Amino acid sequence: MSSSINISQVDRIYTDTDGRTVQALKNVDLDIKAGEFISLIGPSGCGKTTLLRLIAGLDKPQAGQLSIDGRKITGVDPERGYVFQQGSLFPWLDIGQNIAYGLRARGQLKQKKAKVGEYISMVGLDGFEKSYPHQISGGMAQRVAIARALINEPKALLLDEPMGALDSFTRADLQDKLLELWKENGTTMILVTHDIDEAIYLSDRIVIMTPRPGKISRVIEVDLPRPRHRGGIEFLAMRKEILELFELAQAQPQPEYNI
Amino acid sequence: MNTATVKLSATVKESITDKPKAAWNYKNGSYFLLKALLTVSGFVIAVGVNIFFPQKAAVEIKNYTLSIFGLNIGLTMNDLYRALLVGLILIYTVSAIRSLADKDKRKKFCKNAAFRFALGLALAVWDIGGTKLQIFAQPFFPGPAQVAEAYLADGEYVLQNTLYSLRLYSAGFSCGVLLGVGTGILIGWFPKVYYWVYPVLKITGVVPAVAWMPFALTLLPNSFTAAVFLIVICAWFQIAFLTAQGIQSTPKQNYEAARILGSDPVDLIFHVAVPHAMPDIFTGITSANAMAFTTLVMSEMLGQPGGLGYYINQSKVWSAYYKVLAAIVIMAVLFSLINHIIGRIQKHTLRWQEGVVKK
């Protein structure tokens with residue numbers, strides 16, 4: 001039920017509208033073990049979302065290769081679920097239909113109809129089947145997005161700052177839900193985030209990335225026992241360690257000239 | 001802290017007991033009665049006007065024989081008009097009694113009272129100003145009794161023409177919607193089709209459909225298909241234009257999410273692009289519908305063997321303006337009904353938008 005993912009020597013260069021090239025990723029190497037919970041963290045522009053999109057198959061690298069369980073990734077596949085930052089639910093479908101979308105698209109809705117209700121309860125949204133996306137809160141919408149991705153039973157779940165737009169209470173709640181689902185399903189989890197606490201709280205390993213050009217600067221093993229305590233001494237120590245790393249990792253401020 | 005809450009609740013209680021007067025609105029019994037009287041009084045005035053004002057215009061008010069249970073009752077058209085008004089008064093009285101129990105219905109009934117009064121008053125003014133005192137020029141302002149005559153004496157012919165119009169409209173408009181949505185999807189989805197077809201659509205789309213009539217009448221086998229063709233093109237271009245726009249404005253993220261969940265390209269068209277374009281498609285259908293009515297009536301007036309437009313033209317030749325008016329009333333009712341049906345379909349299809357879009 002879970003997959004290992006191998007990323008080797010990946011380069012991705014974008015050309016913006018003015019014709020300038022931006023090296024979003026340069027020489028990225030990463031091995032993700034099956035069933036692992038991994039976080040990609042870094043300041044904006046470090047290429048973390050680009051890397052996630054490459055793993056999803058939404059984008060292709062200019063150089064290097066990405067593979068899953070030894071097979072080269074050539075395009076999107078329901079085996080790699082994806083949760084967008086926000087607003088990816090289909091507004092014209094109700095919650096039940098949104099969650100059932102993958103089953104319907106793959107022609108499995110008839111056999112697996114019962115699963116829809118199951119996944120609605122799994123994310124704690126019983127009674128909201130008939131609501132439309134605009135009628136529910138941001139936190140609930142993200143839970144729907146997660147359930148919608150999980151119903152396809154993906155071997156890897158890619159999460160692009162799924163909690164970025166949520167308030168801290170809802171976020172903590174959803175983090176626990178995510179851990180619960182991870183334990184139940186054993187899916188490989190790859191989370192893009194800019195929240196250091198979130199990365200420590202959830203991951204087995206944290207991949208720290210730096211911008212211009214986007215590359216992996218360090219991979220930190222989080223060997224804290226689960227369930228983790230957000231205010232624990234070791235937790236805070238690790239937080240401090242990463243913060244210090246970022247101070248080093250961030251580009252030097254440009255000198256300011258005053259005339 | 002505790003005392004503060006107690007104090008607060010005490011003041012609230014006082015302020016409630018300060019106002020012993022019942023509110024003067026639909027919840028109040030005498031207010032409702034007043035509104036009910038207002039509703040029917042307009043029609044009562046209309047009946048009174050028709051009975052008590054002598055007719056000055058030299059217009060013949062025909063007789064009509066009503067056969068019920070083997071009895072032949074001779075009535076003048078004025079009697080029928082009065083019967084209609086009495087019928088309205090009865091309907092609104094029953095409606096008032098029926099809405100007594102339901103709070104929402106009472107509110108709605110009260111809200112409509114002023115307008116219904118005005119409606120009755122307008123009928124009275126029309127009656128007095130027309131054939132009664134001949135303030136308005138005759139025969140351009142026939143009285144209500146004469147319009148009733150058009151329906152009763154000429155009823156079968158009016159119905160035939162109405163059905164002819166309806167046939168033309170439904171054949172033309174349904175084809176137009178199908179072709180419009182189909183073309184719109186192709187233009188919105190395939191860049192090649194967009195490149196070749198969109199400019200053509202944009203330029204020909206601004207030409208009023210009736211401008212093509214000379215071609216339609218000569219190139220198509222009969223006048224019916226010619227009129228259908230004109231309605232088709234006026235719906236087709238407008239709907240295709242908006243459908244294409246709706247499809248092209250679908251956010252990329254919707255497609256990406258759908259692809260990852262397992263959608264193939266056909267699925268993307270029919271389960272992402274088209275649902276997203278639905279609000280635009282309905283905007284197209286609604287505006288095309290208005291143009292289709294215009295095209296329908298104009299083509300009937302210019303070259304059809306039947307239809308309400310044809311009936312108007314024919315009646316005008318005989319200066320039978322009461323028949324013209326009768327046809328206009330039917331158009332108003334029929335086209336409103338069609339609009340209403342389209343509105344209901346739209347509301348049902350776009351129910352997911354409820355509360356998002358300000359109406």
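Helices, meaning DSSP runs of H or I of at least four residues, and strands, meaning runs of E of at least two, are numbered here from the N terminus. The model I am presenting is predicted, so that local features need pLDDT of at least 70 and side-chain atom pairs count only at pLDDT 80 or more, while totals for chains, interfaces and linings use all residues. Residues are numbered from 1 along each chain as its sequence is written, and chains are lettered from A and ligands numbered from 1 in the order in which they are written.

Let me begin with chain A. Chain A contains 7 helices and 10 strands. Its radius of gyration, taken over C-alpha atoms, is 19 Å, close to the 18 Å that the globule rule (2.2 Å times the number of residues to the power 0.38) gives for 259 residues, so chain A is as compact as a globular protein of that length. Along the principal axes, the C-alpha atoms of chain A fill a box of roughly 65 × 45 × 45 Å.

I turn now to chain B. Chain B has 13 helices and 2 strands. With a radius of gyration of 28 Å, well over the 21 Å that the globule rule gives for 359 residues, chain B is more spread out than a compact globule. The box for its C-alpha atoms is roughly 90 × 75 × 40 Å, again along the principal axes. An automatic or database domain assignment divides chain B into domain 1 (24–136) and domain 2 (155–350). The C-alpha centres of these two domains of chain B lie 37 Å apart.

Next, one helix pair in chain B. Helix α11 (residues 265–303) and helix α12 (residues 308–317) of chain B pack at an angle of about 45 degrees, with their axes 7 Å apart. Axes are lines fitted to C-alpha atoms, for helices over the stretch in contact, and angles run from 0 to 180 degrees between N-to-C directions. α11(B) and α12(B) are therefore oblique to each other; angles under 35 degrees count as roughly parallel, over 145 as roughly antiparallel, 65 to 115 as roughly perpendicular and the rest as oblique.

Finally, the contact between the chains. Residues are in contact if their C-beta atoms, placed from the backbone, lie within 7 Å. The contact takes 16 residues from chain B and 21 residues from chain A. On the side of chain B that touches chain A, α10 (252–261) and α11 of chain B each supply at least two residues. The largest share of that side, 8 residues, comes from α10(B).

How values were computed: Two residues are in contact if their C-beta atoms, placed from the backbone, lie within 7 Å.
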